[in-house]
Amino acid sequence: MRADLVPDELWQRIAPLLPPAPERRHRNPGRLRVPDRVALAGVRYVLRTGVAWRDVPAEIVGCSGGTAWRRLRDWTEAGVRPRLHALLLTELRRVGLLDLDDCAVGGSHIRALKGGDRTGPSPVDRSRPGSKHHLIVDRHGTPLAVTLTGGNRHDVTQLLPLLDAVPPIRGLRGRPRRKPRRLYADRGYDFDKYRRLLWKRGIKPMIARRSVAHGSGLGKVRWVVERAFAWLHQFKRLRTRYERRADLHQGLLELACSLICLRRLRTSSS
């Protein structure tokens, strides 16, 4: 197994969250179970390179792509990825690297070549099947939550679900933080109904108006969400959706968000 696929700092955080391995049978126990760390290396290899699961090189990773896929399925159903992401967000807030006062939201279209749940005719790709990533980030572009919908869903319909998906972020004394003070968004979120809903939650909407010329200055804060999408799509498996199961693609999205958070922790300590 290549050590760079699962560094110690990642393994030490995710290992306590993994479900216990099933007990081996006393009679006819079968082959030895592939270690979780090796299977995680297979998942990371697919996430990084974008290769098909069947093309995972066992001589490099240490396991087959089928084994890595099954382990991803089991960990996704056990809710490992969101707990890892919440853990890393807590660490970032503890060391002062998370600014939750100003947050930004955005959406990004991708193709869904095999269809499946949460797909729809994409309005920007000649109505081909597509999906959309919806992302909320803090002032520095750190991903706080990500959701997956069909490509024909309007961005604004995911504004409140995105806010609800932000986990309770601890790390400092007092109540955990779950919402920003100000929320920045582009013209796609320009609906007075949602402005009122944000005000009811105690969040000041900083949303560009469609009838106003460019130059409002909101882009000086909101650009970080576009950069965060660029970070996410550096993981080649996320540029196009190949998984028919929406929960597995969501699991890969959350793993990528956790790796971005871990990278931020690493660069701040170096």
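**Exercise 1.** In this predicted model, which residues does Leu-144 touch, not counting residues up to four places away in sequence?

*Solution.* Start at Leu-144 and leave out residues up to four places away in sequence. The residues touched are then His-85, Leu-89, Leu-98, Leu-100, Cys-103, Ile-136, Val-137, Asp-138, Val-166, Pro-167 and Ile-169. As a general background, nonpolar side chains in soluble globular proteins tend to be buried together.

**Exercise 2.** Decide whether Glu-91 is buried or exposed, and list its contacts beyond four places in sequence.

*Solution.* First locate the residue: Glu-91 is part of helix α5 (residues 80-94). Its relative accessible area is 16%. Buried means under 20%, so Glu-91 counts as buried. With neighbours within four places in sequence set aside, Glu-91 contacts Arg-13 and Leu-265.

**Exercise 3.** Where is Val-156 placed, and how far is Val-156 from Ala-185 in sequence and in space?

*Solution.* Val-156 sits in the loop between β4 (143-150) and α6 (159-165). Along the sequence, Val-156 and Ala-185 are 29 residues apart. In space, their C-alpha to C-alpha distance is 9.6 Å. Finally, leaving aside neighbours within four places in sequence, Val-156 is in contact with Gly-188, Tyr-189, Phe-191 and Tyr-194.

How values were computed
Residues are numbered from 1 along each chain as its sequence is written. This is a predicted model: local features need pLDDT of at least 70, side-chain atom pairs count only at pLDDT 80 or more; totals for chains, interfaces and linings use all residues. Side-chain values use heavy atoms; hydrogens and water are left out. Contact means heavy atoms within 4.5 Å. Helices (H or I, at least four residues) and strands (E, at least two) are DSSP runs, numbered from the N terminus. Buried means under 20% relative accessible area, exposed over 50%, partly exposed in between (1.4 Å probe, protein chains only).
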